[in-house]
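Take a walk through this fold with the coordinates open.

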Amino acid sequence: MQNEQPIVSVKNFGVEFPSGGGRFTAVNNISFDINKGEVVAIVGESGSGNSVTGLSIIQLLSEASGASMEGSIVLNIDGQSTEVTTAKKNVMSTIRGKHVSMIFQEPMSSLNPALRCGEQIAEAIQNHLGLWSSDARTEVLKILANVGLKDPEVIYNKFPSQISGGQKQRVLIAMAISCNPDFLLMAIRKLKTFEYKATL
Ligand SMILES: Nc1ncnc2c1ncn2[C@@H]1O[C@H](COP(=O)(O)OP(=O)(O)OP(=O)(O)O)[C@@H](O)[C@H]1O
Ligand SMILES: [Mg+2]
């Protein structure tokens, strides 16, 4: 175990976006490792590059953003080393979901509004684990119960718009853990509470 490579190794990594005529630095020269079984929190002020870092680790920064990257992000998963900054899309789509999952910051925009909650998770399981649909359904109901949803059968058949914000977050967590990933990325927002005094 001592000699095991980190699951994620980020070295001298940076991201720039085009801005006006120049470049805007969103992430500047960061380095860290995440070992198997470790929980690592990236904490920073709003806009300081937390999400951009997370999205980069699973190659989900949109190409349309024109982002340019420097440094390296290596994933060591399933006996394979992958340099994420240069990996082909098909290589990353195999790794994503099956070995690495992400829970996004916005539950509202992360679920497909046109699919029932259970079906979205079943789809992920079927794609990655190759289960038959009836087995996938049983598995989904188990996972929905595991994430603390009281009535898995009912949630399974609801569309995202028909459940509460907290239930949506649990559905997203269920989806992210459904394929038993080696590594789970979570973008969580904790806003400072503040007092609002209305001036009448
Ligand atoms: N696609 C993009 N194109 C251009 N700039 C972007 C893009 N995505 C993020 N940025 C900019 O990069 C910076 C870092 O954004 P990021 O989303 O990582 O913030 P964050 O640290 O996750 O903030 P929060 O805690 O509010 O979620 C911000 O200034 C943001 O405006
Ligand atoms: Mg963020």
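How far does a polar side-chain atom of Ser 51 lie from an oxygen atom of ligand 1? The distance is 2.8 Å. That falls under the heading of a polar contact (a pair of N or O atoms within 3.5 Å; within protein, one must be able to donate a hydrogen and the other to accept it, and residues adjacent in sequence count only if both atoms are side-chain atoms).

Before going on, some ground rules. This is a predicted model, in which local features need pLDDT of at least 70 and side-chain atom pairs count only at pLDDT 80 or more, while totals for chains, interfaces and linings use all residues. Residues are numbered from 1 along each chain as its sequence is written, chains are lettered from A and ligands numbered from 1 in the order written, and side-chain values use heavy atoms, with hydrogens and water left out.

Stay with ligand 1. Asn 50 also places a polar side-chain atom 2.8 Å from a ligand oxygen. Ser 48 uses its backbone instead: an N or O atom there lies 3.1 Å from an oxygen of ligand 1.

Now zoom out. The protein has seven helices and six strands. These are DSSP runs numbered from the N terminus (helices are H or I, at least four residues; strands are E, at least two). The order is β-β-α-β-β-α-β-α-α-α-α-α-β. The C-alpha trace spans about 65 × 50 × 35 Å along its principal axes.

Next, helix α4 (residues 117–129). Helix α5 (residues 133–146) packs on α4 at an angle of about 120°, with the axes 9 Å apart. Axes are lines fitted to C-alpha atoms over the stretch in contact, and angles run from 0 to 180 degrees between N-to-C directions. The pair is therefore oblique. Angles under 35 degrees count as roughly parallel, over 145 as roughly antiparallel, 65 to 115 as roughly perpendicular and the rest as oblique. Contact means heavy atoms within 4.5 Å. On α4, the contact residues include Ile 121 and Ile 125; on α5, Val 140 and Ile 143 are among them.

Helix α7 (residues 165–177) is another partner of α4. Their axes come within 9 Å and cross at roughly 15°. That makes α4 roughly parallel to α7. Cys 117, Gln 120 and Ile 121 of α4 meet Val 171, Ala 174 and Met 175 of α7.
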